[in-house]
Amino acid sequence: MAGLHLIQTYSSDSDEDEQDEKREDHKIVNKLALPESILSWKGVAYNEEVIDDPLDHDGRLRSFKHERGNWATLIYINYTPSDCLHTWITSVLSELPVQGNIISSLHISLSRTLVLKFHWIESFVEGIKLSCRRFNKFALQLTDIRVYCNEERTRTFLGIYCQDEDGMLKCLTEAVDNLLAEYQLPSFYKDSSYHISFFWCLGDQRACLKEILPSLTNSLNKFLAENMEDAYVHVSEIQCKIGNKSFSFELK
């Protein structure tokens with residue numbers, strides 16, 4: 001009986017030791033969980049494949065697949081409308097034959113949406129900075145309303161055309177294109193039409209929107225005649241957005 005008691009005692013002690021070892025192993029696993037700092041490289045967070053759901057973006061589709069190390073990039077001129085012009089833009093919605101959305105962040109694009117590699121970012125930003133130092137500040141005139149559609153024909157836009165009398169936008173675009181060529185990135189559109197997009201809708205809706213362009217342009221021109229300070233865009237800096245990082249470059 002004493003031997004049996006010793007066996008039971010040993011068995012109980014062994015079970016407890018095994019449970020203790022399991023608890024210790026569990027603690028070690030928890031302690032060794034990979035921290036966020038390890039899951040990033042030079043500030044670029046690691047993510048598994050991103051599943052892009054158009055329902056999360058009002059039905060919009062990505063023009064290129066999200067991949068780790070690829071940064072969506074755009075070079076542009078930021079534009080902040082006055083309260084009066086914003087009110088005019090909002091009033092236009094009631095005249096449109098399609099459902100869509102007002103664009104909150106207005107800008108004039110100087111490049112396509114590009115795919116930039118992470119290890120290019122530093123030299124790319126420096127290249128834009130050097131290019132901008134060559135250009136003086138300038139002004140653009142707002143003239144009429146035009147309709148645009150993206151290359152995939154998944155979205156249509158209404159934009160206010162920006163007249164480039166001095167050719168400064170063309171010169172800026174050429175400088176940007178020369179930089180893009182160094183990285184074998186696509187240049188801006190050959191038939192560039194500089195504009196401020198303020199409305200977008202899904203699909204190719206150019207046909208029906210073109211019918212109301214004359215009335216929209218007349219409405220805009222009437223507004224600008226009464227608000228001359230809103231008829232011009234004064235450009236003093238260029239912006240570049242790379243992923244979630246924004247950069248500004250002052251002109252001379």
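Predicted model: local features only at pLDDT ≥ 70, side-chain atom pairs only at ≥ 80, totals over all residues.
Most residues other than glycine have a negative phi. Q184 is exposed, because its relative accessibility of 77% is over the 50% cut-off.

R153 also has a positive phi, about 60°, and is not a glycine. This residue sits in the loop that links β7 (138–149) to β8 (155–163). R153 counts as exposed, with a relative accessibility of 55%.

The largest nonpolar core comprises 65 residues. W88, F124, F138, I145, L158, F198 and I238 have the most contacts inside this core. Helix α4 (residues 168–182) is the top contributor, giving seven residues. In soluble globular proteins, nonpolar side chains tend to be buried together.

W88 illustrates the packing. Beyond its neighbours within four places in sequence, W88 is in contact with I145, F198, L216, S219, L220 and F223. Two of these partners, I145 and F198, are also listed among the core residues with the most contacts.

The cysteines were then considered. Zero disulfides were found in a search of the whole structure. The closest cysteine sulfur to that of C201 belongs to C208, at 6.9 Å. A disulfide requires sulfur atoms within 2.5 Å, so this separation is too far for a bond. C201 is buried, with a relative accessible area of 1%. C162 is likewise buried, at 0%.

Key: Residues numbered from 1 in each chain as written. Heavy atoms only, no water. Core = buried A, V, L, I, M, F, W, Y, C linked by side-chain atoms within 4.5 Å. Buried < 20%, exposed > 50% of the residue type's maximum accessible area, 1.4 Å probe, protein only. Helix = DSSP H or I, 4+ residues; strand = E, 2+ residues; numbered from the N terminus. Contact = heavy atoms within 4.5 Å.
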